[in-house]
There are 2 protein chains.
Amino acid sequence: MKTQPAVVLLSGGLDSTTVLAIAKDEGYTPHALSFDYGQRHSIELQAARRVAQSMGAVDHVVTAIDLRVFGGSALTADIAVPHHLDVNELKQDIPITYVPARNTIFLSFALALAETIESSDIFIGVNALDYSGYPDCRPEYIRAYETMANLATKVGVEGKQHLRIHTPLIELSKAQIITLGLSLGVDYSITHSCYDPDQQGAPCGTCDSCLLRRKGFAEAGLDDPALIEGPG
Amino acid sequence: MKTQPAVVLLSGGLDSTTVLAIAKDEGYTPHALSFDYGQRHSIELQAARRVAQSMGAVDHVVTAIDLRVFGGSALTADIAVPHHLDVNELKQDIPITYVPARNTIFLSFALALAETIESSDIFIGVNALDYSGYPDCRPEYIRAYETMANLATKVGVEGKQHLRIHTPLIELSKAQIITLGLSLGVDYSITHSCYDPDQQGAPCGTCDSCLLRRKGFAEAGLDDPALIEGPG
């Protein structure tokens, strides 16, 4: 069993919660890192806190960053989140919910935290299948980030550690992610995926993220526990 | 004359102020970007505002980020800034004033801003001579960042623009930077370099940054106008 610390980027959604379970299962000591980045609501951060606590992260760093100054996305600016009746309506080009350079910013903070806690392992739940429209979810992007990160840090210069960006979900379908998570004991009822929940935090069911989540549970032959029980 | 927009990372110090002058001289329309990152004082941001205004940046985005949660540096945590009697005392290993992943975080926000304003040019005042102890000031780091950035963004994916990280100071001595800046009309009296100023903003004269600045003016055969006139 490894006992090295690892940084796990945690949004409190289905993907990053599964990644936290994988990091733990692989024997890492997970340090969760979440962002308060001008989301329209705090439901997502509440879910991240629930997940970090219930899944045994040794700590949970929440850092505020202000992406709103950059505008440009339905997730951070005053642009309506698109809704669809069917998952097949999702286009393959870059969606309006894409936040400029988001994963690059998130990984950069993860790198700072990794260097501070002397970790050489960062976990991120990017997925190249369901998010093929996002440039910063592709394997070639992640490999380039890793190369850069090893040149950016003390550990890279001193040659003591080789920093790795772990992307255990990158080639998995949503159904495969859910099946894997359940086998590791993930309780998906406490996760939150919706881009546009109501004031009580209930998912809209028709944004890109809700549709992909619904399709995943359907393909896995399961009901979504978050829709039955609601967030705990 | 180019009229493309460029993002210029601006701390309000000698180096980044010179970079802003260079970007303008090369015909770019400069958008200045500064960070409120838990500095011990706001003197640095005040200098950045003065510089952006007086040197004709078309806008000045200041975004708050909280690096203090990561600790690890005399510039952000409650660790004393080291003072020296002489510049020759500066060690060549990684100094305590190094902030983990700082340039990586700064460039990532610059990338987000560049994508939002549809710019493919980012200017940063890194210097590999005076800051040889900082891993994220080396040319090989910058080239790796550029490669990653072109994979991270819409413009990279669509192949419309090739994003470039400009580092016009990377091989210059401090004296050469000052001479170049003066030839472009930079008023160094409004810049601020000190890591540890007093409450009125006067530089300490003995931190790494003050010593390198003093050495630069001495080698250029000049007096530092900030020491004569004080910040305007």
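How are α6(A) and α7(A) oriented relative to each other? The answer requires a few conventions. This is a predicted model, in which local features need pLDDT of at least 70, side-chain atom pairs count only at pLDDT 80 or more, and totals for chains, interfaces and linings use all residues. Residues are numbered from 1 along each chain as its sequence is written, while chains are lettered from A and ligands numbered from 1 in the order in which they are written.

Helices (H or I, at least four residues) and strands (E, at least two) are DSSP runs, numbered from the N terminus. Two packed helices are described by the angle between their axes and the distance between the axes. Axes are lines fitted to C-alpha atoms, for helices over the stretch in contact, and angles run from 0 to 180 degrees between N-to-C directions.

The axes of helix α6 (residues 174-183) and helix α7 (residues 208-219), both of chain A, come within 7 Å and cross at roughly 65°. Angles under 35 degrees count as roughly parallel, over 145 as roughly antiparallel, 65 to 115 as roughly perpendicular and the rest as oblique. The helices α6(A) and α7(A) are therefore roughly perpendicular to each other. Their crossing is right-handed; a crossing is left-handed if the near helix is turned anticlockwise from the far one by less than a right angle, and right-handed if clockwise. On the side of α6(A), the contact is made by A:K174, A:A175, A:I177 and A:I178, and on the side of α7(A) by A:L212, A:R213, A:K215, A:G216, A:F217 and A:E219. Two residues are in contact if their C-beta atoms, placed from the backbone, lie within 7 Å. By class, this contact of α6(A) with α7(A) has five nonpolar, one polar and four charged residues. Here Ala, Val, Leu, Ile, Met, Phe, Trp, Tyr, Cys and Pro count as nonpolar, Asp, Glu, Lys and Arg as charged, and the others, Gly among them, as polar.

Helix α1 (residues 14-25) and helix α6 (residues 174-183) of chain B have axes that come within 9 Å and cross at roughly 40°. That angle makes α1(B) oblique to α6(B), and the crossing of the two is left-handed. In this contact, B:L14, B:D15, B:T17, B:T18 and B:A21 of α1(B) meet B:I177, B:L180 and B:G181 of α6(B).

The strands come next. In chain A, five strands form an open sheet in the order β3-β2-β1-β4-β5, with parallel pairing; two strands pair if DSSP finds at least two bridges between them. The edge strands of chain A are β3 (59-64) and β5 (164-166), each of which pairs on one side only. From one strand to the next, the twist averages 25°. Strand β1 (residues 5-9) and strand β4 (residues 121-123) of chain A pair in the parallel sense over two bridges, and A:V7 has A:I122 of β4(A) as its bridge partner. Helix α2 (residues 43-54) of chain A packs on the sheet, where it touches β2 (29-36) and β3 of chain A, and its direction makes about 170° with that of β2(A).

How are the two chains related? A rotation of 180° with 0.0 Å of shift along its axis superposes chain B on chain A, with an RMSD of 0.0 Å. Such copies are superposed by least squares on the C-alpha atoms of residues with pLDDT of at least 70 in both. The relation is that of a two-fold axis. In chain B, the C-alpha nearest this axis belongs to B:I65, at 2.6 Å from it. The same surface serves both copies, since 100% of the contact residues of chain B recur in chain A.

Between the chains, 37 residues of chain B are in contact with 37 residues of chain A. On the side of chain B that touches chain A, β3 (59-64), α3 (102-117), α4 (139-152) and α5 (154-158) of chain B each give two or more residues. Of these, α3(B) gives the most, with nine residues. This side of chain B divides into 22 nonpolar, nine polar and six charged residues.

Helix α4 (residues 139-152) of chain A also meets its counterpart: the axes of α4(A) and α4(B) come within 8 Å and cross at roughly 160°. That makes α4(A) roughly antiparallel to α4(B), and their crossing is left-handed.
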